[in-house]
Structure formats: C-alpha cells, structure tokens
Amino acid sequence: MMTNSENVLFGAFRNSMRNEDAAFLHLADGTAITYGGMLTRSAQYANALLALGVQPGDRVASQVDKSVDALFLYLGCLRAGAAFLPLNVGYTDKEVAYFVGDAEPHVVVCRPDRVEAVRQIAGDCGIRHVETLQAGGGTLVEKANGASGEVDDVRRGGDDLAGILYTSGTTGRSKGAMVTHDNLLSNALALKEAWRFSEGDVLLHALPIFHTHGLFVATNTILLAGGSMIFMEKFDVDGVISALPRATSMMGVPTFYTRLLASEKFTRELVAHIRVFISGSAPLSATTHREFQERTGHAILERYGMTETNMITSNPYDGARRAGTVGLPLPGVSVRIADPDTGELKAAGEVGVIELKGPNVFKGYWRMPEKTASEFRDDGYFITGDLGLIDDEGYFRIVGREKDLIITGGFNVYPAEVEGAIDEIEGVAECAVIGVPHPDFGEGVTAVVVRSGGDRPCANDLRRALDGELAKFKVPKEYHFLDELPRNKMGKIQKNELRERFAGTFKKG
Ligand code: AMP
C-alpha cells in the first residue's frame, strides 16, 4: 500500500488539511488551536525530540496525564520518525520498569512529580533521557517552546512503526503491539468513510489518549477528515453535558453512555443535533442501547476492535445498528469464525474464535517472534482470542473472551448470553458472569450483579426470572451483589479480579 512517500501517516494528515486557520482543538477555556497551530506545535515537539538524539525507529515512551501537549507529543513523535509508546498513568513503578526495560525507549517522558522514580527506572535500563510534561509545563514542554516550529518530517514508509502499545494483558506478560504507519492510515481512512467524518465534524473527545481508542481511532480519523475535537482532559458527566451542544459526534466506551443516561440533564433536546454516537472497547449492553435510543432517539453505533488490529467491524452508518452486535467487517478487512483449536471454519450461527486479515493488522509483538507466530494462522489470519458468531444477517456478535469462557459439567457457557438475560431483569443495572472453581462441575456459573437501587432483585428473584429463559446449565448457581463492578479506564470489567474475589463461592465446608 502507501509505502515510499515522505512520512506516510503525518503526510496523509497534512494532505487532508484544507485550511490552516480551521480549528483542530477546542479547549475548555473557550479558545481553539488551529491546524496551523497543530503544525507548529507538533514540529516543535519533533525538533525537541530530534535534539535529544531520537533516530528513526527509536521509541519514545510517555506516561503523562492527558493534555494538549501530550497529544502534540504523539504527533511530534510521528514527525520525528519515532515510535510512540504511551503508557497508562495508572501503571506502577514496577510495571513501568517492565515496559521501559522491554522497549528500551530513547526518551521517557513522565509527569514532573514522577521524575525521581522514572529517572531511577530509566537509569537502571541505561536510558539517559528522562523529560517531564504536564499541561502547561515540564522540561520537554520548555524544550518544545524553545524549538523551531518547522521541521522536515522524517521519512517513514508504510511498514515502519508509528507506535508500540502494550496490551493490558491481564494474564502473563503484557505484550507490545507494533503498529505501523500503514496499519493506522488504512484504518483511519476506513473509519472516516464508514462513519462519514468530514471537516464540519466536531468530535467530543473525553477518552484517554494512552489507548488505541482515544489516540488512534478518534484523533487519526479527525485529522484525516480535517475536522475538530472538543478536547476534554477526562470524562465527567457534567462537563460532557455542557460540551455536547457544540459537538456533532462523540466516541466513547459504554460506561460513558450509561453514566450519561443516569443524569436527568441528558435529554433528547440536548443531543437532537448530534450526528452520531459511537461506542467500543467493551460490550455495550442491549439494554443500554435500547435505553439510549428511547431517551435520545439515537441508535448508538457500536464497533469492535483491539490494540493489535485497530478496528475490525462496525455497525453501519446507514442501515440497522443492531443492539448486541458489533456489525459488519470494515472495508478491506476479512473476518471469519474458526474453531479455536483446529482452525476449521465455523458455519453461520456457530460460536468460534474471531480471526481476521487486513492492512489494519499489526506487525507483531515487540521482541516476541514466537508469541507473534502463535497468534497467526498459516494463511495469515490473526487470532483475536474473542469468541463470536455471525448471525443470520451477517452481523458479528461477541460472546466473550476465550479465556472468559465457562466450562461447567462439560458444557460451554458464553458469559455474554447469560449477562444479556440478567440485564433484562427489572432492577438490574449491570452484571458480570464468571466461572469459578466448583467441586462437581469444574467451574460453576456465578453472577455478580449491580442493582439499580434498592435491595431487589435478590438471588431467588433472579433464579425465578431466568427459569425458562436459559438452559439450566447456563443459569448461575450463585449470585453476588456489588455496588459497582471493577473496571479499568477503558470501561472493561476486570473479570480476573472478580474470579479471584469469588473463587471460594463453591468451596466445601
Ligand atoms: P484493547 O486491545 O484494549 O482495545 O481490547 C480489545 C478487546 O476489547 C477485544 O479483544 C474485545 O475483547 C474487547 N472489545 C472491544 N470492542 C468491543 C465491543 N464492541 N464489544 C465487546 N468487546 C469489545
């Protein structure tokens, strides 16, 4: 594909820009940064990095709070020919030490208050350059302030790395997914078309930018469309509600939408002008989809992707956006369902592992050639580890991660199906279904339920409601009630944590 041009991804952003005076970012204080400003500021960051000796292909790690400067650091990395390596601010020193030791970045950028600890970590790995960055200050910000606002973008071909994103890896070592310029460009082009983004769009951006969703899906798509973003440092319901009147579109994780629905200020009138609400990174329950539509008249457009592959499927812009499904393969992406063990293809309606091939699929895991090889089939399809099926209308449905599959008494139980049934019961706000050790069945199906308020339904109410709805072996044998489910910043329920916490549910005695 688009290989030998000067700097594939940033070159495409530059070519999509129509007008340097057009807004790129709208900030909380009412000011805007134009596309011209974006060019200047990203060049300053590129120059600051080049002055630190960054060479093409070098990694630049960054563990900083979301800010305009953090976004320009990403763009500066691209222009300097580096691979951007964003890290969740929640990572501990031990975790950061692992990432830094594994990726060997040329520069590590951190919050000013973390500089001592990060300097120690970097020093242990023989890394000399530790810089700081936060909104409005830090050593790298100062270096950028003093640098030229023009730069010759470093040449990078389509196959060169644009970023390394470590997977959240709840089991085993976290892996660095190597994403190339072509991966990102092909995907952003597909999304821009699929979701009809144009220069008139104002995207409400309240996602973190250490993750593929806020960093690549949102930002790259807007840059290719020549649109703008209301750039919020974090998601908070009132802030989003006051910004929505100025937005045309919003991307979020499901919890954004459930939290908005919990506010009475989130009304049909408030969002009547919005063009599209998009959800991904975790399953959007059919109940939330329906409630959202009832409240606002908008059908949330749900899509599916992962760090390694960028976006894979999406509900259609025109045409039915079906609740509980993740839609159809994006153009250029070939998706199939296979037997996890044998790789044999499954027929429509049968559950198997989701596999795909396309220009969006990453180059492999950083310094893990064997792990990379084991996650691809011989014919080049990447094995996602998500279990799903293709329904009678060709839409994909995800039934859970392979590792979350519950095997009870020899039967497979797909958590999503049971969760969907429990979500429908009155008084249930949300739930997670897990398998925990059971002396007779191997694993026992267990539900962790959050009520919408009050103390009903109780376990017996739930049992009664599910009777006849689900085959007996799928019905949870035990129920636990919590005030909220443990989630990470991307809204993903931490099932590992629940499995640990409730491991003793069926212990004898
Ligand atoms: P990440 O690499 O952090 O983006 O996580 C990717 C994983 O998130 C996928 O492999 C899925 O398990 C899950 N995921 C992403 N989008 C969806 C969705 N729309 N519905 C259900 N699961 C999703």
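Which side chain meets that of Asp 461 in a salt bridge? In this predicted model, the partner of Asp 461 is Arg 464, with 2.9 Å from N to O. Both residues belong to helix H14, residues 459-466, and because they are three residues apart there, about one helical turn separates them.

The structure holds 32 salt bridges, and some link separate elements. One of them brings together the side chains of Arg 111 and Asp 65, at 3.4 Å from N to O. Arg 111 sits in the loop between strand S5 (107-110) and helix H5 (115-124), and Asp 65 in the loop between strand S3 (59-63) and helix H3 (68-79), so this pair ties together parts that are 46 residues apart in sequence. Arg 111 is partly exposed, at 24% relative accessibility. Asp 65 is partly exposed as well, at 35%.

A further salt bridge joins the side chains of Glu 355 and Arg 336, at 3.0 Å from N to O. Here the two residues come from strands: Glu 355 from S17 (residues 352-357) and Arg 336 from S16 (residues 334-338), so the pair ties together parts 19 residues apart in sequence. Glu 355 is buried, with a relative accessible area of 0%. Arg 336 is also buried, with a relative accessible area of 15%. Pairs of this kind rest on a simple point: side chains of opposite charge can pair when their charged atoms come close.

Next comes strand S13, residues 301-306. Six of its six residues are buried, so S13 is largely enclosed by the rest of the structure. Leu 301, Arg 303 and Gly 305 point one way from the strand, while Glu 302, Tyr 304 and Met 306 point the other way, and all are buried.

Strand S12 (residues 276-279) pairs with S13 in the parallel sense over two bridges, and Ser 279 has Glu 302 of S13 as its bridge partner. Strand S14 (residues 310-314) runs antiparallel to S13, and four bridges join the two. Among the residues involved, Arg 303 has Ser 314 of S14 as its bridge partner.

Methods
Residues numbered from 1 in each chain as written. Predicted model: local features only at pLDDT ≥ 70, side-chain atom pairs only at ≥ 80, totals over all residues. Heavy atoms only, no water. Buried < 20%, exposed > 50% of the residue type's maximum accessible area, 1.4 Å probe, protein only. Pairing = 2+ DSSP bridges. Salt bridge = Lys/Arg side-chain N within 4 Å of Asp/Glu carboxyl O.
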